[in-house]
Amino acid sequence: MATLLRGALRPLRAFQGRGRPAADVPLRATSHGTGLLYPEHIPTSLLQKALLAAGSAVMALYDPYRHDMVAVLGETTGRRTLKFLRDQMKRDPEGAQILQERPRISTSTLDLEKLRSLPEGSFGCEYLRFLDVNRVSPDTRAPTRFVDDEELAYVIQRYREVHDMVHTLLGMPINIPGEIVVKWFEAVQTGLPMCILSALFGPIRLSAQSLQVLVSELIPWAVQNGRRAPCLLHLYYERRWEQPLRALRQELGITEPPVRVEDLV
């Protein structure tokens, strides 16, 4: 049994020992006789994936800000859903172009000076304001490692890298209530198990007053908007910087939040 567990947990040691890849490198199939399908790929068995999923689920529920554990959970539980999302992207003209061109979002691919020069109220200006106000960087998204298909690996990488743009579109800050609202929206849109898990169990850490507002107003709002809007994975955000945020929201069918989430704890 000890030997079995050591073998099953070997990918975690590789995971911890690897550095971050260049975020401007598109995920593409590679084959150098190593069994790797793309940069940073760590091949795993079904048993190893099950152990990784269980461990990451516990850690992600204990600390929702452990984005590395949330990332592992998404990669080890969402293969069927990722296939569905990939097929949806292929059927959408904008989504298919994203899959073909494989754009990446990082400080090395974004023209930050151009974004700063955009008019007030434009999507690009508001996205940059979101990064500045919340003191976050697009470089913090974990690289995909445990998905055994390079195209599906890109789909989940794209999902991670546009996460802050979804925050911007929804007008949600980076706090626990804001993250829960975004997870409900993403759960409706994508069906990813990690989104559903976070949406269901994230609220247990809120105060009773905040929980009441979340359940009565914000979650219904997130679900309605998630159902009404087209899948945001199909949106080529990098070509929408100059579009007014208000106009983009109207195009997507996204309405203003019913309450200020910044006031909730």
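Before I read out the order of elements, one definition: helices here are DSSP runs of H or I with at least four residues, and strands are runs of E with at least two, both numbered from the N terminus. On that basis, reading along the sequence gives the pattern α-α-α-α-α-α-α-α-α-α-α-α-α, that is, 13 helices and 0 strands. Please keep in mind throughout that this is a predicted model.

Let me begin with the chain as a whole. The protein has 265 residues, of which 49% count as buried. If we take the contacts in the protein with a separation of 6 or more, 73% of them are accounted for by residues 24 or more positions apart.

I turn now to helix α2, which runs over residues 46-62. With its 17 residues, α2 spans 24 Å from the first C-alpha to the last, and this is close to the 24 Å expected at 1.5 Å a residue. Which residues of α2 are buried? They are Gln-48, Lys-49, Leu-52, Ala-53, Ser-56, Ala-57 and Ala-60, and because they cover an arc of only 160° around the axis, they lie on the same side of α2. The face turned away from that buried side carries Val-58 and Tyr-62, which are exposed.

Within α2, I would like to look at one residue, Ala-53. Its relative accessible area is 11%, and since buried means under 20%, Ala-53 is counted as buried. Once its neighbours within four places in sequence are left aside, Ala-53 is in contact with Leu-73, Thr-76 and Thr-77. There is also a C-alpha to C-alpha distance of 6.9 Å between Ala-53 and Val-72, although these two are 19 residues apart in sequence.

The next element is helix α4, residues 79-91, which packs against helix α8, residues 150-161, at an angle of about 85° and with the axes 9 Å apart. That angle is why α4 is described as roughly perpendicular to α8. On the α4 side, the residues that meet α8 are Arg-79, Leu-82, Lys-83, Leu-85, Arg-86, Met-89 and Lys-90, and their counterparts in α8 are Glu-151, Leu-152, Val-155 and Ile-156. Sorted by class, this contact has 6 nonpolar and 5 charged residues, with no polar ones.

Also in α4 is Thr-81, which is buried, with a relative accessible area of 16%. Not counting residues up to four places away in sequence, Thr-81 touches Thr-190, Gly-191, Leu-192 and Pro-193.

This brings us to helix α11, residues 193-201, whose buried residues are Met-194, Cys-195 and Ala-199. These cover an arc of only 130° around the axis, and therefore sit on the same side of α11. What covers them? The cover of the buried residues of α11 includes α3 (67-77), α8 and α10 (176-190).

The last pair is helix α9, residues 163-170, and helix α13, residues 245-252, whose axes come within 10 Å and cross at roughly 95°. The contact is made by Thr-168, Leu-169 and Leu-170 from α9, together with Leu-245, Leu-248, Arg-249 and Leu-252 from α13. By class, the residues of this contact divide into 5 nonpolar, 1 polar and 1 charged.

Conventions:
Residues numbered from 1 in each chain as written. Predicted model: local features only at pLDDT ≥ 70, side-chain atom pairs only at ≥ 80, totals over all residues. Heavy atoms only, no water. Axes fitted to C-alpha atoms, helices over the stretch in contact; angles between N-to-C directions. Parallel < 35°, antiparallel > 145°, perpendicular 65-115°, else oblique. Contact = heavy atoms within 4.5 Å. Nonpolar A, V, L, I, M, F, W, Y, C, P; charged D, E, K, R; others polar. Buried < 20%, exposed > 50% of the residue type's maximum accessible area, 1.4 Å probe, protein only. Arc of directions from axis to C-beta. Expected span 1.5 Å × (residues − 1).
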